[in-house]
Amino acid sequence: MDVKEVIFSRASVRVFRPDPLPVDVVNEVLEAGVRAPIAGGVEKWFFVVVMSEGKRRKIHELLKEGHVIYATKVLKEPYPERSVRKWVQSMEAGMYYAPAYIAGYIDMREPRHREEYVDEERIFLHQTIATAFQNMILTAWSLGIGSVWLGVPLFMKEEFNKVLEPPEGLELAGILALGYPTDKPKPKPRKTLEQIVKYI
Ligand SMILES: Cc1cc2nc3c(=O)[nH]c(=O)nc-3n(C[C@H](O)[C@H](O)[C@H](O)COP(=O)(O)O)c2cc1C
């Protein structure tokens, strides 16, 4: 597939086949990730790859909790109880249980920006992780590996850190779940350019 084919055929995958991902394939995905643009030209990032069964089970447990927190506590308009119950059922049936997870961390231990610009440095680093994640998502998809970006861990960083054991002082920016899809995902529609773009 060329790049555009990869981009336009991709959709998030949340249910994975149990087949493990070979480590060299995960490394191929990570190598593509770190080719992304990096704000300020610095690599203030770190990635924790979870492939062992015990840790994956713990991550999956936390993801279930994280999604419930998101649906019931985070949103101004919580999901209806029935949809939350259905979501929990799907998660208990294996949704989000992946052969591999890649957690992305940012390193704000020694800010390079002056104090009044530290917030922007944090944004830069989150954006840098985002570019890496997108490279990983697309590379994975080009290899037939599905993925979903998981933001809900940000609502339970401490709990995730206990399992992920990152270097001291790093901040969790997001997690990617990766694995071979059970079904071919269908790309979802987007707004038209007319709705969201203005040329000046
Ligand atoms: C920053 C970010 C956080 C996300 N967090 C979650 C998440 O916690 N759980 C989830 O199921 N999907 C999550 N997603 C995936 C989106 O729900 C998904 O991309 C969106 O519904 C559009 O679907 P598509 O990826 O198939 O085009 C996240 C995506 C992004 C960019």
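## Briefing: helix packing and ligand shell

The crossing of H2 and H5 is right-handed (a crossing is right-handed if the near helix is turned clockwise from the far one by less than a right angle, and left-handed if anticlockwise). The model is predicted: local features need pLDDT of at least 70, side-chain atom pairs count only at pLDDT 80 or more, and totals for chains, interfaces and linings use all residues. Residues are numbered from 1 along each chain as its sequence is written.

**Overall build**

- The protein has 7 helices and 4 strands (DSSP runs numbered from the N terminus, with helices being H or I of at least four residues and strands being E of at least two).
- Read from the N terminus, the order of elements is α-α-β-α-α-β-α-β-α-β-α.
- Along the principal axes, the C-alpha atoms fill a box of roughly 50 × 40 × 40 Å.

**Helices H2 and H5**

- The axes of H2 (residues 23–33) and H5 (residues 118–142) come within 7 Å and cross at roughly 140° (axes are lines fitted to C-alpha atoms, for helices over the stretch in contact, and angles run from 0 to 180 degrees between N-to-C directions).
- H2 and H5 are therefore oblique to each other (angles under 35 degrees count as roughly parallel, over 145 as roughly antiparallel, 65 to 115 as roughly perpendicular and the rest as oblique).
- Glu 28, Val 29, Leu 30, Ala 32 and Gly 33 of H2 make the contact with Ala 132, Phe 133, Asn 135, Met 136, Thr 139 and Ala 140 of H5 (contact means C-beta atoms, placed from the backbone, within 7 Å).
- The residues of this contact of H2 with H5 are 7 nonpolar, 3 polar and 1 charged (Ala, Val, Leu, Ile, Met, Phe, Trp, Tyr, Cys and Pro count as nonpolar, Asp, Glu, Lys and Arg as charged, and the others, Gly among them, as polar).

**Helices H3 and H4**

- The axes of H3 (residues 53–74) and H4 (residues 81–92) come within 10 Å and cross at roughly 165°, so H3 and H4 are roughly antiparallel.
- The crossing of H3 and H4 is right-handed.
- Lys 64, His 67, Val 68, Ala 71 and Thr 72 in H3 meet Val 84, Trp 87, Val 88 and Met 91 in H4.
- The contact of H3 with H4 comprises 6 nonpolar, 2 polar and 1 charged residues.

**Ligand shell**

- Around the ligand are Ala 11, Ser 12, Arg 14, Val 148, Trp 149, Leu 150, Gly 151, Val 152 and Lys 188 (a residue is near a molecule or strand if its C-beta atom, placed from the backbone, lies within 6 Å of it).
- This shell divides into 5 nonpolar, 2 polar and 2 charged residues.

Key:
Two residues are in contact if their C-beta atoms, placed from the backbone, lie within 7 Å.
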